[in-house]
Amino acid sequence: MNLTLKVWRQKNRNAPGHLAEYEARDIPVDASFLEMLDIVNERLIEKGEDPIAFDHDCREGICGMCSLTINGKPHGGKGGVTSCQLHMREFEDGQTIVIEPFRARAFPVAKDLAVDRSAFDRIIQGGGYISVRTGSAPEANAAPIAKDVADRAFAAAACIGCGACVAACKNASAMLFVAAKVTHLNSVPQGRPERDRRALGMVRAMDEAGFGNCTNQYECVAACPKQIPAEAIARLNRDFARASLKETLAG
Amino acid sequence: MTSIPRQSDTPDARIPSGPLASKWSRHKMDSRLINPANRRRYHVIVVGSGLAGAAAAASLSEQGYKVSCFCYQDSPRRAHSIAAQGGINAAKNYQNDGDSVHRLFYDTIKGGDFRAREANVYRLAEVSANIIDQCVAQGVPFAREYGGLLANRSFGGAQVSRTFYAAGQTGQQLLLGAYQALEKEIAAGGVKMFPRTEMLDLVVVDGHAKGIITRNMVTGELAAHAGDAVLLATGGYGNVFFLSTNAMGCNVTATWRAHKRGALFANPCYTQIHPTCIPVAGSYQSKLTLMSESLRNDGRVWVPKRKEDCGKPASEIPEEDRDYYLERKYPSFGNLAPRDISSRAAKEVCDEGRGVGPGGLGVYLDFADAIKRLGEPAIRERYGNLFQIYHEITGEDAYRQPMRIFPAVHYTMGGLWVDYNLMSNVPGLHVLGEANFSDHGANRLGASALMQGLADGYFVVPATLPNYLATQKPGAVTTGHAAFADVLREVDDRVSRLLAVNGKRTVTSFHRELGLLMWDRCGMARSREGLQDAIAKIRALRDEFWRDVKVPGTGAEFNQQLEMAGRVADFLEFGELMCLDALEREESCGGHFRVEHQTGEGEALRHDDDYSYVAAWEFTGDVTRPRLCKEWLAYEEVHFATRSYK
């Protein structure tokens, strides 16, 4: 198949960027989207041009590294898949495809389509963990967890930290990312002792990192390749309100 | 006949004396400790942030050491441990089905075809239960039963249910647990994290590993880092085959650079080829996707009996014209025969010209019988997500037509040689997880990779590293030492040379050519002539690479082609050692099958008297002439036996 690509090119974080046009000819329909970019890059290199930089690693939808906005939709808008899991048979011969990075103030461009998502790591540092030292763990079956609670924690823990939720949100809010981790850890008994501290710490780290506010429109949920439920956001709001109130009352 | 104990010429493996079951306790008692107040004066460099690296970095920081951790991804959470699907073994015996530390130990030694070190494997089995406790305390959401307790499944042909799992995302959940522990320590100031930073060389000062040279992958800046010890947790080398189930960035550079600075590389020819992957569809393909082995519980593997039928749709081939070759050859295990055996059987039928799909490199995994027996909803419930992945990649509906599968490189058992402390022969250089050679012998059992990575990171190295550190004055070597400037200059020269070739061929074209050669000659079946031919071709390809590779851009910028070029240059050297190791090992064992060494029925034939050793290769200054050192394996508890699955 033949395609026209409009690709965001930006040399580094401080340089201005622009959309450049490329013809992608004779692309096999069974190729993945990233393999299509590989083919385009091989041809650019052979012509002595600078290949397109994009993040990718596992290419099976679990590492969260790939991060393309395709025709305005993070991960292409198919739902339930990452950019690396898209295949060219989803596109039409002759189609024009616009490829941009995940855009957000908190995700500065490193080069072309690759962005810096270290703000997510800083949010985890704000409380997205359970403070247990290696060696100090009790016997694993000492604390039974009801299956529905375990299943809820697991569904939230499926987040791969790709940032599609941020890229999909008009305010570039990281609310779904934070909500997923808070729901996971605050649901299980092991995470209860730090429940308040976690909600406050992570939300504050999110604000400091420059993410926007949540206005409950759930574009994030639609874009999430792991289908983290919107219910997580309600849980985060509840936990944050509860922790804030306790903090205020404690003066 | 009992074999005569032979003299190893590898360094002392420092295996504690005494009965197997008490070696680890005894070793911990005999090990040196560092006063808590002094620990912060020691700086430990950890390269890699997968299960082994993140677990070690977090645990050492918790103890009070100052840690720097490096990873090539944009976040430590993305290390390739994340992609492991199946589960993690532990000798908890929650199922009351006869499991024990000793049984897990024995299964691992036997599964490794009697080519692993007894003491290390026993310790692995011993700490396995602590790993589960640790992960649960971190909030890892393992599968549970209705009573709220942890669930187990049987995996990889094991006769007990000892595998803990989190749906098909066990690796992800375990890695996130370790990652969160790491981020906790970063927040506490104990660990400094360097993401998008690649280790390009090891710095050895007076024979001790004292630092690394890195490249910042965003700015291109080269930097020296000094430490009191260096821990490599940089994973396996499966990408020497170009196509594998590894992530695109997985590479041999850190371990290969360490090898060229003196570390022995052990058993590089031991590679695991997983039987159930989605076949290659075309020359553009960049990676292979694993389909969980659990599919073989209900799918039947077959190919047409006659070559002429291979082009026909499966539905037009009547039952009597199908060859269910695993059921035919291994009636008692059938479609559940172990990984190495199933993979080789698939290769044989494809070599006979009876493979299906593009290029004839595939076999059918057919669910028609299971659907007829159990109904489509039951199959959908068991494997729905896998059928979905298969559909996304191939566009085919496996409920209506058989899946096509083919073996793919999945894991590498070889790695840097380490002693019982996980220290290489270069003092101070410790190696963890898939990057070392120590626990899986010639073949790894399912659900054991996650166990080993976490055992090394959480429990082994935190206990053994002080043995080395206690001999060192903290901070004695700084980047001001001349050795750092020398190695930095060498790394800089190498980067400049890659950029200066300015030839005509892309890095990927070389990588793909090397991968095909390795797959063909050093893959599922190996022969003397094939390996000799491969070595000659690899040398020629390496020469051509340095004459004709084209690396665009500069070193002082975000340059993914430059990153790949450095890695492929190392694979082009490493591939030769792999073939040489395979050539030297005149037997078949585990993942290493030499066509000259098989039974009349085509089964692997080990030669324990001559080859029950670890082949540890020393770099001599010339990549074409490494020196072989042998660590003879002494078995005190187990007796050699032949694996049979007939």
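In the predicted model, chain A contains eight helices and seven strands. Along the principal axes, its C-alpha atoms occupy a box of roughly 65 × 35 × 35 Å. Chain A has 251 residues, and 60% of these are buried. The accessible surface of the chain is about 9900 Å², and carbon and sulfur atoms account for 49% of this area. When contacts between residues at least 6 apart in sequence are considered, 70% of those in chain A connect residues at least 24 apart.

The contact between the two chains involves 73 residues of chain A and 68 residues of chain B. About 5800 Å² is buried between chain B and chain A, with 54% contributed by carbon and sulfur atoms. On the chain B side, the residues that lose the most area to chain A are Arg78(B), Tyr284(B) and Glu392(B), which together supply 12% of what that side buries. Five salt bridges are counted between chain B and chain A. A salt bridge also joins the side chains of Glu60(A) and Lys287(B), with an N to O distance of 2.6 Å.

Over all chains, the whole structure holds 75 salt bridges. Within chain B, the side chains of Asp99(B) and Arg162(B) form a salt bridge at 2.9 Å, N to O. These partners are 63 residues apart and connect distant parts of the chain: Asp99(B) is in the loop between strand E3 (88-89) and helix H4 (101-111), and Arg162(B) is in the loop between helix H5 (118-137) and strand E4 (163-164). Both Asp99(B) and Arg162(B) are buried.

A salt bridge is also formed by Glu573(B) and Lys260(B), whose closest N and O atoms are 2.8 Å apart. The pair spans 313 residues and links distant parts of chain B, with Glu573(B) in helix H16 (residues 560-584) and Lys260(B) in helix H7 (residues 253-260). The two partners fall into separate accessibility classes under a 20% limit for burial. Glu573(B) is classed as buried because its relative accessible area is 10%, whereas Lys260(B) is classed as partly exposed because its relative accessibility is 23%.

In the salt bridge between Glu293(B) and Arg296(B), the closest N and O atoms are separated by 3.0 Å. Glu293(B) has a relative accessibility of 11% and therefore counts as buried; Arg296(B), at 4%, is likewise buried. Elsewhere, salt bridges with shared partners connect Asp113(B), Arg115(B), Arg585(B), Glu587(B), Arg606(B) and Asp608(B) in one network.

Asp113(B), a member of this network, follows helix H4 of chain B and has a positive phi, near 55°. The buried residues of H4(B) are Leu104(B), Phe105(B), Thr108(B), Ile109(B) and Gly111(B). In an α-helix there are 3.6 residues a turn, so residues three or four places apart point the same way. The packing partners of the buried residues of H4(B) are E3, H5 and helix H12 (449-469) of chain B.

Two loop positions of chain B were also examined. Thr234(B) is located in the loop between strand E9 (229-232) and H7. With a relative accessibility of 22%, Thr234(B) counts as partly exposed. In sequence, Thr234(B) is 185 residues from Ser49(B), while the C-alpha atoms of the two residues are 7.9 Å apart in space. When residues up to four places away in sequence are set aside, Thr234(B) is in contact with Val47(B), Asn251(B), Ala254(B), Thr255(B) and Ala435(B).

Asp309(B) is located in the loop between strand E12 (300-304) and strand E13 (322-323) of chain B. Asp309(B) counts as buried because its relative accessibility is 3%. Apart from neighbours within four places in sequence, the contacts of Asp309(B) are with Pro304(B), Ile317(B) and Asp321(B).

How values were computed: Residues are numbered from 1 along each chain as its sequence is written. Chains are lettered from A and ligands numbered from 1 in the order in which they are written. This is a predicted model: local features need pLDDT of at least 70, side-chain atom pairs count only at pLDDT 80 or more; totals for chains, interfaces and linings use all residues. Side-chain values use heavy atoms; hydrogens and water are left out. Helices (H or I, at least four residues) and strands (E, at least two) are DSSP runs, numbered from the N terminus. Buried means under 20% relative accessible area, exposed over 50%, partly exposed in between (1.4 Å probe, protein chains only). Contact means heavy atoms within 4.5 Å. Accessible areas come from the Shrake-Rupley method with a 1.4 Å probe; for residues, only the protein chains shown count as cover. Buried area is the accessible area (1.4 Å probe) that two parts lose on being put together, summed over both. A salt bridge is a side-chain nitrogen of Lys or Arg within 4 Å of a carboxyl oxygen of Asp or Glu.
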